[in-house]
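Colleague: I would like to learn how to read salt bridges in a model. Could you take me through them step by step?

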Amino acid sequence: MMNQKFGPSRLSFYFLIAINLLTIHWVPVSAFQPFSPTVSSKVFHHRSSESHDRQQRHVNPTSLSATREAPSPTSAKQKDNLSRGDTRGAALLLEDISVSRGSSQILSNIDWRIEPKSKFALVGANGAGKSTLLKAIMEDLPYEGKVTIGTKQKVGYLQQTAVAGSTKTVFDEAASAMTEVTAAKAALERAEERVASSTIPTIEDMDALDRATQQFQSVGGYQQEQEVSSMLKGLGFTDLEQTCDQLSGGWQMRVSFARMLLSKPSLCLMDEPGNHLDRSARKWLAQYLKRYDGGAMILVTHDVELLEAMDHIAEISARSLQTYKSCTYSQYLELKVERAQAAQSEYERNLEKAEKLQTFVDKWGASATKATAAQSRVKQLEKMKAQGALDAPPEAVLQERFKPRLKLPNPPKAMGDTLLALRNAEVGHGTNPLISNVNFEIQRGMKILIRGENGSGKSTLLHTLRGTLPLMDGERETNESLRLGVFTQDLAQELLDAVSARAVDLMTTIATLRLIA
């Protein structure tokens with residue numbers, strides 16, 4: 001054994017083992033700190049029972065392997081049935097992609113190369129095909145053309161809709177996608193158990209423990225709890241021990257988002273991540289995305305602060321894709337106008353030049369003295385046509401961003417001034433009220449803004465006013481002529497049964513039901 005070459009840390013560990021054996025009193029391995037003063041695994045540190053329970057809960061090999069085999073049904077997905085292959089160095093390669101729905105073509109002949117670590121904001125009018133393109137990349141709908149994802153790319157995908165189902169705590173669900181930490185932790189625990197169960201650990205066992213410790217440290221295992229907590233708190237969570245099935249769809253969306261980001265994808269697709277975030281959470285997320293250097297990103301959002309966190313812009317317009325490299329969102333707005341003006345000006349100049357050439361040919365084409373010059377101009381015209389100089393600029397270049405205008409009819413006058421009221425009400429879930437002694441009237445003509453911290457009960461109050469959440473105490477009064485319109489942050493969940501229906505059919509059905517009522 002003395003001929004072996006040991007590092008200082010391992011040698012000191014063997015000396016400590018020898019001393020304890022000589023005293024004929026076994027001291028638990030947890031008394032030693034042989035490798036690093038920052039090591040926090042169960043073999044090397046005494047911890048409070050609360051900290052120990054948390055560490056056990058987050059690194060239990062059985063529960064974590066179960067997560068890998070049967071991931072909880074959240075809206076952030078890690079998918080392996082993707083089109084992978086040679087991308088010639090790119091993270092993602094789209095070639096001649098076209099998508100149709102029925103007889104309507106949504107996307108046409110799209111070519112797009114996403115380099116590793118490039119961050120693209122994908123913009124366009126509502127219905128232009130942004131989410132459709134992400135779904136095509138993820139093989140969630142049929143398309144023509146070729147999608148190729150790099151063979152070594154770890155893909156993270158966040159959709160717009162949250163899906164309920166997980167019974168894990170917020171912390172555990174968010175941490176469950178950190179598979180590298182999970183695997184390294186399981187290996188470390190196995191190595192620890194072998195050392196702890198041996199009267200005199202063998203060199204092989206100590207080597208395995210050394211390797212497992214270094215691997216766990218290299219993948220950020222000792223920072224896992226801090227990293228997960230920081231992520232969740234940045235997204236607005238205060239109670240990390242609450243189970244996900246107790247959360248609203250909006251908050252489940254946040255858990256799903258945290259889970260996807262913590263998986264450290266090298267290719268990250270995000271569809272409207274800011275939909276369920278308040279202003280402070282969006283601000284935190286914008287800074288996080290701006291600093292993120294773990295891989296390539298494609299972000300679909302209407303939030304300007306998030307758009308400004310990206311390095312490049314890609315716009316879907318008139319079924320095609322226009323890219324703006326090394327361009328912020330504000331620069332893109334200016335550059336788009338400049339491109340359109342330049343393309344239109346060049347087109348008009350080419351038309352003017354072609355008209356002059358054609359005039360000369362018409363005038364002197366039959367002249368013996370000018371025939372050579374006329375023939376030269378005919379060749380110039382043919383060259384301009386062949387080069388597309390006389391074709392109008394693509395619609396995608398000239399098309400202005402759609403600016404929606406919403407016109408609402410005048411509402412019918414209700415009988416009396418009070419439309420809806422709560423009297424001495426207690427509002428909340430289960431047995432614990434979030435808001436007590438609520439006396440609240442909504443009168444005709446009022447416009448009310450409800451403010452409060454995350455979790456203070458704003459959405460709960462709206463559900464109570466709507467009548468979908470029973471009062472814990474008190475009364476809810478409605479005007480007999482009240483016609484209540486509702487738009488909630490979880491509306492997508494209410495429409496899950498009608499996801500395949502056309503919007504016009506859905507609206508017609510709702511309008512018919514209201515007329516009958």
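Modeller: A salt bridge here is a side-chain nitrogen of Lys or Arg within 4 Å of a carboxyl oxygen of Asp or Glu. The general idea is that side chains of opposite charge can pair when their charged atoms come close. Keep in mind that this is a predicted model.

Colleague: How many salt bridges does the structure hold?

Modeller: The structure holds 11 salt bridges. One of them joins the side chains of R194 and D205, with an N to O distance of 3.9 Å. R194 sits in helix α6 (residues 179-196) and D205 in helix α7 (residues 203-218), 11 residues apart.

Colleague: Is D205 buried or exposed?

Modeller: The cut-off for buried is under 20% relative accessible area. D205 has 14% relative accessibility, so D205 counts as buried.

Colleague: Which parts of the chain does the pair E227 and K264 tie together?

Modeller: The side chains of E227 and K264 meet in a salt bridge at 2.8 Å, N to O. E227 belongs to helix α8 (residues 224-234), while K264 is in the loop between α9 (249-262) and β8 (267-271), so the pair ties together parts that are 37 residues apart in sequence. E227 is partly exposed at 24% relative accessibility, and K264 is partly exposed at 40%.

Colleague: What about a pair between strands?

Modeller: Take R423 and E477, whose side chains form a salt bridge of 3.3 Å, N to O. R423 lies in strand β12 (residues 418-429) and E477 in strand β14 (residues 473-478), so this bridge ties together parts that are 54 residues apart in sequence. R423 has a relative accessible area of 27%, which makes R423 partly exposed. E477, at 34% relative accessibility, also counts as partly exposed.

Colleague: Which residues are linked with R423 in a network of salt bridges?

Modeller: E441 and E477 are linked with R423 in that network.

Colleague: And the protein as a whole, how should I read that?

Modeller: Start with the elements: the protein has 17 helices and 14 strands. Of its 517 residues, 41% count as buried. Then look at contacts between residues at least 6 apart in sequence: 68% of them join residues at least 24 apart. The accessible surface comes to about 29700 Å², and carbon and sulfur atoms account for 51% of that.

Note on methods
Residues numbered from 1 in each chain as written. Predicted model: local features only at pLDDT ≥ 70, side-chain atom pairs only at ≥ 80, totals over all residues. Heavy atoms only, no water. Helix = DSSP H or I, 4+ residues; strand = E, 2+ residues; numbered from the N terminus. Buried < 20%, exposed > 50% of the residue type's maximum accessible area, 1.4 Å probe, protein only. Contact = heavy atoms within 4.5 Å. Areas by Shrake-Rupley, 256 points an atom, 1.4 Å probe, with all protein chains shown as cover.
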